[in-house]
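Please keep the model open beside this note. Find each residue as it comes up.

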Amino acid sequence: MASVHESLYFNPMMTNGVVHANVFGIKDWVTPYKIAVLVLLSEMGRAGGSAIGLLERRRLNQLLLPLLQGPDMTLTRLHKAIDESCPQLANSVQIRIKLMAEGELKDMEQFFDDLSDSFSGTDPEVHKTSVVGLFLRHMILAYNKLSFSQVYKLYTALQEYFQNAEKKAAAEEAEMDMTSPEGQLLGTMEREELDVPSRDEEISCSGPLSQKQAEYFLSQQASLLKNDETKALTPASLQKELNNLLKFNPDFAEAHYLSYLNSLRVQDVFSSTHSLLHYFDRLILTGAESKSNGDEGYGRSLRYAALNLAALHCRFGHYQQAELALQEAIRIAQESNDHVCLQHCLSWLYILEQKRSDSCVLLEHSVKKAVHFGLPVRRLAAPEAEGPSLCHISAPSWTGAVAASMYLASLGIQSLVQQRAFAGKTANKLMDALKDSDLLHWKHSLSELIDISIAQKTAIWRLYGRSTMALQQAQTLLSMNSLEALNLGVQQNNTESFAVVLCHLAELHAEQGCLAAASEVLEHLKERFPPNSQHAQLWMLCEQKIQFGRAMNDGKYHVADSLVTGITALNSIEGVYRKAIVLQAQNQMSEAHKLLQKLLVQCQKMKNTEMVISVLLAVAELYWRASCHTIALPVLLQALALSREYRLQYLASETVLSLAFSQLILGIPEQALNILHMAIEPILADGAVLDKGRAMFLVAKCQVASAASYEPQKKVEALESAILNLNEAKGYFAKVDCKEQIRDVLYLQARLYHMLGKAQERNRCAMLFRQLHQELPSRGVPLVSHF
């Protein structure tokens, strides 16, 4: 957050008991809260090193900086903060303030006169150039510039400040002593009469902040919004604070920008656009850009304003407005020959073109240009993030930017790798490209790019069907510590990359049947990224998909159907696909087929190959249910060709399973067993538990069908091997509580035990089958009809 410009001027005024003394260039004034802080400093000097222990003094020193720089707080909160560090000193401060507030005006005068003695002597208590020394000197100077009437009003405000704390303490004590219903009613009436401030009122400052307080508050909240949004003020409370700042100084540019970030948290298009435009208007009006960048400052603000406006519109999906704003930024940047701004424009132009056509050429050109110019870029949202980062895109400083010289090029490489992954390039080439860029990231400690790279690798391994490698990459990011120095006790890695990796982790656990672990990961996501945060939609979609899969496994299709609406709101493609799956499970074949055909055309147009293959597999299953097995074969072969062309190993294995099932139904189980060996290993190594069970179930079916032509001894061995495979499949289905599949397994096991003459085992499986068959509704689908 940039420093508040020197031209910001607060007129001397009296508001809510706060005396302003910003005359003659003084950028601070005396308030009752600051008098209480001065009393704390005075008592610390009096106590010396003997009365206060080393640990307590260390805590007090850590407390001082937030007290000096932060906004004013009530005496109750201040006393509590001091008491947590040093209870003895907290009592001394409370007594000193009480004597001053209940005494006379001359007591406050004498207190400020005694403050000057802190700098006197050969060994002064406070050095003039220290942080505490500068604060004391500012307060003494501001107090000496006050007129007598202002001194009197300050003393009156101090008395009110102390009395409010006394009233609140009395109300809390009365509340603790209340035991009878009459006492509770009396206590309620007393609290209403006292009108004790609430927590939000305690946070809110009673008047305008000083320049240092405003800088500290804005930088603190901006850092929290970027790193740990849960510890920042709520959107309503933060907006209230910002409105209070802007009420006393409407030209406060940085406050307008923080208001823009706050509006983005709640997806408020109008307010965010309004605040962003005001931010750049204030930069131009105050002349901040002109002073720092010479005569080009005005035009520089205009082109970066247009660029940020384009990024804002792109984030909210207003692509036409974003394109118009981007064209304006490009025009102004070309007139000024600003290569840095043009590179930013090229990155966002790639995002807009990505929505309509293949923009690979634009992306490659952006990377080449960034490497050619060695552009230093501070903070720019990753192109794949499809939205602006928390810090705005601004004119970069060319000094001290060696570590960030390849920022744009690295982001372009990340997007290029993502695009190449969707185009079906081999994993080794993609990982080599990421490895080369990672060397620069680690060399220059670019923490944000490191996180993006690891999250990218996690997604690529999942796309290629290597869940073990994806899990390893996810754990790598989760176990990393941020390379950025974070203060204020914020949590680390609270970025989009962290949210993406946690969502992958939750889905991986759910696929392996660890639903309790997946729920814990989702709960952690909800705590780390609240529903109104920028990346909350990631875990919302992940949670809906996990719940949908669980409902389908349980046979609760009405519950799964109710979840489709929420999935569609977050991702229309996923929602339509799952709606078709529900219709298919409910035997509404014609409706499901129409929906899948429309979705197939849409996905082919969008070049969403992964979803195209999934839709083709669903269409093939519809043909199976309609007993059109020969029609399903060309569809499956098309899916297999696509999955192999784009190197989607896991989808290729699923397609091979479907082909094996078709061959089984067509009466060639031996051929089905042969091609099963092509798919069984990847599925058992990296597949979901449900797919492992389906694969083993299909192997058992093929073994039983093939055993019909065997000799008696070999047939018995084949059937016993099939029973073992069925037991393994049943164990997989039990992990995800898939009762329908367990019922089918028990049915086939009972038949096999009957053929082998094992009556006891047959009766046990038959009894379990009967229990499940009575529990589950019959949908009119023949048993053991699909693998």
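1. **Ground rules.** This is a predicted model, in which local features need pLDDT of at least 70, side-chain atom pairs count only at pLDDT 80 or more, and totals for chains, interfaces and linings use all residues. Residues are numbered from 1 along each chain as its sequence is written, and side-chain values use heavy atoms, with hydrogens and water left out.

2. **Overall make-up.** The protein has 36 helices and 2 strands. Both are DSSP runs numbered from the N terminus: helices are H or I with at least four residues, strands are E with at least two. Of the 787 residues, 51% are buried. Buried means under 20% relative accessible area, exposed means over 50%, and partly exposed is in between (1.4 Å probe, protein chains only).

3. **Surface and contacts.** The accessible surface comes to about 37,200 Å². Carbon and sulfur atoms hold 53% of that surface. The areas come from the Shrake-Rupley method with a 1.4 Å probe; for residues, only the protein chains shown count as cover. Now take the contacts with a separation of 6 or more: 67% of them join residues 24 or more positions apart. Contact means heavy atoms within 4.5 Å.

4. **How to read a helix pair.** Two packed helices are described by the angle between their axes and the distance between the axes. Axes are lines fitted to C-alpha atoms, for helices over the stretch in contact, and angles run from 0 to 180 degrees between N-to-C directions. Angles under 35 degrees count as roughly parallel, over 145 as roughly antiparallel, 65 to 115 as roughly perpendicular, and the rest as oblique.

5. **α22 and α23.** Helix α22 (residues 467-478) packs on helix α23 (residues 496-511) at about 140°, with the axes 10 Å apart. The angle therefore makes α22 oblique to α23. The crossing is left-handed. That label applies if the near helix is turned anticlockwise from the far one by less than a right angle; clockwise would be right-handed. Residues of α22 in the contact include A470, L471 and A474. On the α23 side, F498, V501 and L502 are among them. By class, this contact has 10 nonpolar, 3 polar and no charged residues. Here Ala, Val, Leu, Ile, Met, Phe, Trp, Tyr, Cys and Pro count as nonpolar, Asp, Glu, Lys and Arg as charged, and the others, Gly among them, as polar.

6. **α33 and α34.** How do these two helices pack? Helix α33 (residues 689-706) and α34 meet at an angle of about 160°, with their axes 8 Å apart. So α33 is roughly antiparallel to α34. α33 passes α34 in a left-handed crossing. From α33, the contact includes K692, R694, M696 and F697. From α34, it includes L726, E728, Y732 and K735. By class, there are 14 nonpolar, 4 polar and 4 charged residues.

7. **Two positive phi angles.** Most residues other than glycine have a negative phi, and most peptide bonds are trans. N587 is not a glycine, yet its phi is positive, about 65°. N587 sits in the loop between α27 (572-585) and α28 (589-606). N587 is partly exposed, at 26% relative accessible area. D737 is also not a glycine, and its phi is about 55°. D737 lies in the loop between α34 (712-735) and α35 (739-756). D737 is partly exposed too, at 34%.

8. Is A165 buried or exposed? A165 is buried, with a relative accessible area of 10%. This residue is in helix α7 (residues 148-177). Beyond its neighbours within four places in sequence, A165 is in contact with L75 and T76. A165 and R77 are 88 residues apart in sequence but 9.1 Å apart in space, C-alpha to C-alpha. H256 lies in helix α12 (residues 253-265). H256 is buried at 8%. Leaving aside neighbours within four places, its contacts include P250, H278 and Y279.

9. F422 is in helix α19 (residues 407-422) and is partly exposed at 49%. Not counting residues up to four places away in sequence, F422 touches L463 and Y646. F422 and N608 are 186 residues apart in sequence and 8.1 Å apart in space, C-alpha to C-alpha. A459 belongs to helix α21 (residues 447-463). A459 is partly exposed at 27%. Between A459 and V500 there are 41 residues of sequence separation and 8.6 Å in space, C-alpha to C-alpha.
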